[in-house]
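Here's a walk through a structure, written for someone who likes to have the model open alongside.

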Amino acid sequence: MSPDDTLVLASVAQAAADSPLARFRAVRERTETLAAPLSPEDQAAQSMPDASPTKWHRGHTTWFFETFLLAPFQPGYRPYDPAFGYLFNSYYEAMGPRQPRPQRGLLTRPSCVEVGAYRRHVDAAMARLLSGPLSPEMLERLELGLAHEEQHQELLVMDIQHLFAQSPLQPAYRERPDVPRPPARGLGYVGFEGGLATIGADEGGFAFDNERPRHRVFLEPFRLADRLTTNAEWLGFMEDGGYERPEFWLSDGWAMVQDEAWDAPLYWRREEDGAWTEFGLAGRRPLDLAAPVVHVSFYEAAAFAVWSGARLPTEAEWEVAVRSDARLRQMSGETWQWTASAYAPYPGFRPGAGALGEYNGKFMVNQMVLRGGAAATPPGHARASYRNFFHPGQRWMFAGVRLARDGAGGRERAMDSEFRKDVLAGLASSPKSLPSKYFYDAEGSRLFEEITELPEYYPTRTETALLRAIAPEIAARIPQGAAMIEFGSGASTKTRILLDAAPQLAVYAPMDISASALDAAAAAIRADYPGLEVAPALGDFTHPLGLPAAARGRPTVGFFPGSTIGNFPTDEAVAFLEAARRLLGPDALFVVGADIAKGEDVLIPAYDDAAGVTAAFNKNLLVRANRELEADFDLDAFAHLAVWNAVESRMEMHLVSLEDQVVSVAGKAVAFLAGETIHTENSYKYEPAAFADMAGRAGWRVEARWISEDPAFGVFALRS
């Protein structure tokens, strides 16, 4: 975002409804405002052949008005300096030779002061021209010139960012940092039935020639992600070896990865403490995990899509979707979005005559289309039919990713599709139930950490004390250079006990379904253990996809504290232990915490505390359903219930309906009778022998076990 957008938005909006002269002045003023924070030295430098100096952008946009409006339409107009036609022509062959693009940074003359004088001279002449009668051709050229200058305003900003990124001083274009984002909601997909559709700009109103003619396309059913890909999701791609695995990449893209040594988006840097930072207009800042990923090439976007089990949308899909569904977010104003469409002429396209006919048509080869609009795009500049285009290997522009998939499929969420399916299935069953794994969104994770501090809740403090006492014995079983995989890491508090006792650990890979908890835990571990490689993996740890790249080829240690194993029915616990054994590999160590069976007088208060925190934790499932599944649960119409089931040796949590009621969930009606419950969690309490038998069924043997004093809690060292 430019430093002046809050100042110019109102004036631009007003000018758009005002005279051509007012519109002209507003656009020209915005360019100067964008250049104002820059020194003459800043404005003269060129960081690479694809970029241009700010001074050149200011001169070129001025040359455009002088050449295509003043020279042909202002009687007696004489160019400010005939040499400027050579210096500031960009690519118009019909206008004669020009300074080679890679050498624009060699133009120390004219000075910034003289370029400013040139702009004022042309602006004054344009004011005289625009104060008189204007033909349709003049108005058409004026609109093109203003849109052209707005394009260069964005180019100016992205070129300056690239220039400043080359400096060891890492200067900031603006001092105001971006506001941190709230955690991104789960990635969702909106379905479209496809069929015959029409795309392209209407005849009325301004559009570039490459947006026309309007024409029909046939689309197969498709789904479009309802938000942009985030930095956190891109980190997951990187942690899974995304830049090291050729199976994700187009051939040309893989060649660029090798030639350019890409291992992250442009402007990302891994600091000595292991944390990632990103260089932006406000200088180098900690990477905002919730922000959309930006400054990635088409090749990277396509590889990420393959890794994600998705694809990039076509530009026709993107345009049809943005015109027809308001549920799609971040379609414009964040970052341009790569499409799978090559930049080519629409059916019936014909470039115009003369030099202005060179504006777009001559570039319709070897480039890919981007749609949307970025934070640096001038307000009001982009539209649904707008076709931006860049070469597939370029990264310095503001380019990001929106995923697509085949098949309409209605509305679904990538992670929430499973949430929706599980919730509807659980509420349709008898008795009703909800999977406990969905407790742990950002608020649920926070509430659980609060529960662990309650006086009634013994498991956390008892297990923590036990781990402190036995950590040296566990550490003695961990090989040098091992990777520790933590299942359901949460806040990683207990992890530190093992990390302190086992400095020989080389990699820590936390797995969690809660992005916010995972990000916070990973950042804290990186800060406090700078010599440890931290490789977080977002997802359901009960169905792990594979080890992070950093953990492959190393001895593995699994860590599953907190008695979470007790949340599974016995058969599911065995299945999880089997999956963990396959993931960790042969001769792996697996440290598991399990609560030991004890009296009801201790158990009931631990799951129904006097402060009501556990009740809020339980009801947060309904809050999440209201937010993510468009449900309408009335929280006051349900009560928390904790009961001890002695036959099954487990604590149970339920939500009790206090009245007869009907609740809408994901568009489906669910009826409740007064007193009917939703079974939300089991917490099995084990006799040590019963736990050893369950582990044995999954292919583990108990190598060691430690049981605390009352209230008893067990830690088991399993070996595959």
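**The overall picture**

First, a caveat: this is a predicted model. The chain has 20 helices and 27 strands, and its C-alpha trace spans about 100 × 60 × 45 Å along the principal axes. Of the 720 residues, 56% are buried. If you take the contacts with a separation of 6 or more, 76% of them are between residues 24 or more positions apart.

**A helix wrapped in strands**

Have a look at helix H11, residues 315-324. How many of its 10 residues are buried? The count is 7, so the helix is largely enclosed by the rest of the structure. The buried ones are Glu-315, Ala-316, Glu-317, Trp-318, Glu-319, Val-320 and Ala-321. And what covers them? The cover includes strands S1 (188-192), S2 (195-199), S3 (215-219), S4 (222-225), S8 (336-342) and S9 (368-371).

As a bit of background, side chains of opposite charge can pair when their charged atoms come close. The structure holds 39 salt bridges. Here are three of them, the H11 pair included.

| Salt bridge | N to O distance |
|---|---|
| Glu-150 and Arg-23 | 3.5 Å |
| Arg-627 and Glu-628 | 3.0 Å |

Glu-150 and Arg-23 form a salt bridge at 3.5 Å, and this pair links distant parts of the chain: Glu-150 is in helix H7 (residues 136-165) and Arg-23 in helix H2 (residues 20-35), 127 residues apart. Both Glu-150 and Arg-23 are buried.

Now for a charge without a partner. Lys-619, in helix H19 (residues 613-628), is buried yet has no salt bridge. How far away is the nearest side chain of opposite charge? That is Asp-636, at 5.0 Å, and a salt bridge here needs the nitrogen within 4 Å of a carboxyl oxygen. So what does Lys-619 touch, leaving aside its neighbours within four places in sequence? Its contacts are Leu-635, Phe-638, Ala-639 and Leu-655.

**Gaps inside**

A search of the whole structure turns up 3 cavities of 30 Å³ or more.

Most residues other than glycine have a negative phi, and most peptide bonds are trans. A few spots here go the other way.

Start with the cis bonds. The peptide bond from Arg-212 to Pro-213 is cis, with omega near 0°, and Pro-213 lies in the loop between S2 and S3. Both of those strands are among the ones covering the buried residues of H11. Another cis peptide bond joins Ser-430 and Pro-431, with omega about 0°. Pro-431 is in the loop between helix H12 (416-428) and strand S14 (432-433).

Then there are positive phi values. His-295, which is not a glycine, has a phi of about 65°. It's in the loop between strand S7 (283-286) and helix H10 (298-307), and its 1% relative accessibility makes it count as buried. Gln-330 is also a non-glycine with a positive phi, about 60°. Gln-330 lies in the loop between H11 and S8, and at 22% relative accessibility it counts as partly exposed.

Terms used. Residues numbered from 1 in each chain as written. Predicted model: local features only at pLDDT ≥ 70, side-chain atom pairs only at ≥ 80, totals over all residues. Heavy atoms only, no water. 1 Å grid on protein atoms, 1.4 Å probe; cavity = no way out; pocket = protein on both sides within 12 Å on 5 of 7 lines; lining within 4 Å. Points joined across faces, edges and corners; volume = space filled by probe spheres on them. Buried < 20%, exposed > 50% of the residue type's maximum accessible area, 1.4 Å probe, protein only. Helix = DSSP H or I, 4+ residues; strand = E, 2+ residues; numbered from the N terminus. Contact = heavy atoms within 4.5 Å. Lys, Arg positive; Asp, Glu negative; His and termini not counted.
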